[in-house]
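Subject: Structure handover

Hi,

Here is the structure for you to look over. My notes follow below it.

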Amino acid sequence: MTAATTNAASGEKIDSGKARQARITGGILIALALLVLFVLDVGTGEVATFKLSRPRDAIVLGDLVVPGSFNLLVAALLAFLGVRQFLRGGVRWSNLSIGIGLALVIMAFLVWATAGKSFSLTGMLQATMVRAVPIALGGLAGVLSERVAVINIAIEGMLLAGAFTGALIGSLLGSWLGLAAAVMVGGMFGMMLAALVVTYRMDQIIAGVVINLLVLGLTSYVTSQVFAHNRSLNNAQVFRAWKVPLLGDIPVLGPMLFQQNLFVYGALILVGVSTYYLFYTKGGLRARAVGEHPRAADTLGIDVYWTRYFHVTLAGMVAGFGGAWFTLGSVGRFDENMTGGRGYIGLAAMIFGRWHPVGALAAALVFGFADSLQQKLALLNTPIPSEFLAMAPYIATMIVVAGLIGKARPPAADGKAYVKE
Amino acid sequence: MTTSIGKRALDDAGRALLQRTARGRSEFEDLVVVPVFAVIVALILGALIMLATGVDLPTIGKSFVALAVGSVGSLNALSETLTASIPLVLAGLGLGLGFRAGLFNIGAEGQLLLGGTAAVVFSFTFPSLPFPLLMILSLIAGAAVGALYASIAGILKATTGAHEVISTIMLNLISYRLLEYLLRQPYIQKEGRSDPISKSVPDAGQLPRLLDWIDPNLRLHAGVFVMLLAVAFVWWLLFRSKIGFAFRASGANPDAARYAGMRSGLVIVAAMATAGALAGLAGAAQVQGVLGRASPGFSAGIGFDAIALALLGRSHPVGILLAGLLFGGLEAGGRQMQVDAGVSIDLIGIIQALIIVFIAAPLLVRAIFPWGFRKDAKGGKA
């Protein structure tokens, strides 16, 4: 397949690639339109009621009542976008159309699922944000290390280490010190990953897998060996939600963004800071240069090894903070393997978000949304099995990785060890 | 697992010359000294971790004795070791084969889960088939589903270049949900149960126990022959067959393999499918030989341990068999350790991970343990 494409003239290749992508996008949109029309079909008489406020909110909005014919409108819009893409689409419009299309489908889905019932939109958005936090921080850790070309499969282990340390030190010395310790231990595992792959040139994926196995073993061992007998060591104070004055009273968005605990604010700030750092500062430019072309960066006098150590350690600290969410931000108690693959989902969020902090956050919100929607669906009694909904984000990630929609390009030197001349 | 370390032609030529002259020594170091050293150091570090968590010295001694007795100390221990190693070796063979072809398949866990489930479903769908036939067909059903599931990642990689690490991780996550869903379907779920658990494998579909004429508690089952056959088959496939040569060539140098006329896409899909078939077979052997039914997470991390196993066995079938016996022994001995000395079996997980750290980073081993190696052989393959 590659041989065939290399033979084609390069200009032609790009054009046919774009056209193919536009056709695929168009096809998907039309398929979605048919899905909304036939599967998510709501009887015309029925209405879906979305509650926008909770009784004790400062500003109370009325319920949003959507008639069932909304889904017909969505189907028509999707069909329009799809046909437009199919006939004369450009790459710039492909991504936008898919984005709009997916948002429309989710709205139609919600209307279909709530038809004849009522549903608290605010509560679900708040839950979405909470569930997105560890995934977003895991994704951010992935972005920081992959931008310097170190593949970080170890996010899972770092999250788990953060969760464990948060619970242990949080129980002994208080939550704030527990948080600090979780960040430090996360950083330590980041440094360990850097040492294995930069200094000892171990295969990056193996190193990550090994760290995950090691952390899982260590934390499970201590949990069953020590915590089982000393419960006081595994009982930390949880950080409470803190409402931002004024902003917290905004209807719908307020509870989602400004009535949360430390970890939500921390994640939002970290995403902002790292976006600024990576794309608008000298240090960030150097880090990205190391990820794209380490030899060139080295020639210009950037210390490749040091840059990789620094950023992978930083990634570990971010993941350690994210890990502390599991214990200090939610239940206060550590359980064996309590991260349950959230680190891998963070990795998926990073790819879904195209190696960009804001993208990773957005992808994490999608994952968090699917996660909380899955829980709500059980209450709404829909015929779609909740397991399939839970699979949807992973399938979407595979589609993105396969480059069927848009192109996700990792840093050029990703995964390669660098040997200084 | 060959990471190219720079394109310094002169240096490489020098190293090649050195390797030719000191070949026996460096192979010995790589194949024997490093693994033995890794196991010993991992056990010592395991003892230190026990010490750090407040286990006293006599108990540590007792736990190592229990580890030895529980893995090879009695007929029952040997039977448990072999039983534990069967799925590990089968899945490890698949992963090793993938490594040889340059594919890092993290998805053994998912392939194993779905393969095992397929074997269970097949066996209770045709309960009237006679004994060896049902058993064999169920194993084949497990292998086929494992192969199909793995080839999704293979096809994606061959056609679009999607990295197999990411797609197999996603396929793992999908398989957990899919299994949860399947186990609640009325056709599969055990009658009268509300929790997700499947119907049982009928007697004719089970891998028969081999030693129950000595003691009915001995769990060793006929899967051990499946394991040995698979080792022989993978050895033949890798080192004596045409497609195996294509696997190894594509793994060692994809560009050269393509210029030599090997179809890289086909090689990727075939290698992934074979790896998936072996992982599916591991799942089938586990449900037909030990568990008797499928439940959520019945794979118990075998798919991830198998990664470690394939690395330890240097992706060679015989090496994987030996590594599998070691891990099976650690598993069986770990259970004994938990009973006798009250030390959690999770310690075994730490020891396994440490073994892999040392195996996969020979430079690290050389740094810690310089007197076991020739000085000039430093900086070998990473």
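Pro254(B) counts as partly exposed, because it has 17 C-beta neighbours inside 10 Å. The cut-offs: a residue is buried if 20 or more other C-beta atoms lie within 10 Å of its own, exposed if 12 or fewer, and partly exposed in between, with C-beta atoms placed from the backbone. This is a predicted model, so local features need pLDDT of at least 70 and side-chain atom pairs count only at pLDDT 80 or more, while totals for chains, interfaces and linings use all residues. Residues are numbered from 1 along each chain as its sequence is written, and chains are lettered from A and ligands numbered from 1 in the order in which they are written.

Pro254(B) sits in helix α10 (residues 254-259) of chain B. Helices (H or I, at least four residues) and strands (E, at least two) are DSSP runs, numbered from the N terminus. Leaving aside neighbours within four places in sequence, Pro254(B) is in contact with Gly102(B) and Ser264(B). Contact means that the C-beta atoms of two residues, placed from the backbone, lie within 7 Å. Ala101(B) is 153 residues from Pro254(B) along the chain, yet their C-alpha atoms are separated by 9.0 Å.

Chain B as a whole: 15 helices and zero strands. It has 382 residues, and 53% of them count as buried. Take the contacts in chain B between residues at least 6 apart in sequence: 76% join residues at least 24 apart.

Next, helix α8 (residues 223-240) of chain B. Its 18 residues should span 26 Å at 1.5 Å a residue, and the end C-alpha atoms are 25 Å apart, which agrees. The expected span is 1.5 Å times one less than the number of residues. Which residues of α8(B) are buried? They are Gly223(B), Val226(B), Met227(B), Ala230(B), Val234(B), Leu237(B) and Leu238(B). Seen down the axis, these buried residues fall within an arc of 100°, so they line one face of α8(B). The arc is that of the directions from the helix axis to the C-beta atoms. On the other side of α8(B), Phe225(B), Leu229(B), Trp236(B) and Arg240(B) are exposed. The cover over the buried residues includes α4 (75-100), α6, α9 (242-252), α11 (264-291) and α13 (317-341) of chain B.

Now the interface. 43 residues of chain B are in contact with 38 residues of chain A. On the chain B side, the elements giving two or more residues are α6 (131-160), α7 (164-182), α12 (302-312), α14 (346-360) and α15 (362-368). α7(B) gives the most, with 11 residues. By class, that side of chain B has 29 nonpolar, 11 polar and three charged residues. Ala, Val, Leu, Ile, Met, Phe, Trp, Tyr, Cys and Pro count as nonpolar, Asp, Glu, Lys and Arg as charged, and the others, Gly among them, as polar.

Last, chain A. Strands β1 (residues 47-51) and β2 (residues 64-67) of chain A pair in the antiparallel sense over four bridges. Two strands pair if DSSP finds at least two bridges between them. Ala48(A) stands opposite Val66(A) in β2(A). β1(A) also pairs with β3 (residues 118-120) of chain A, in the parallel sense, over three bridges. There, Ser120(A) in β3(A) is the bridge partner of Lys51(A).

Best wishes
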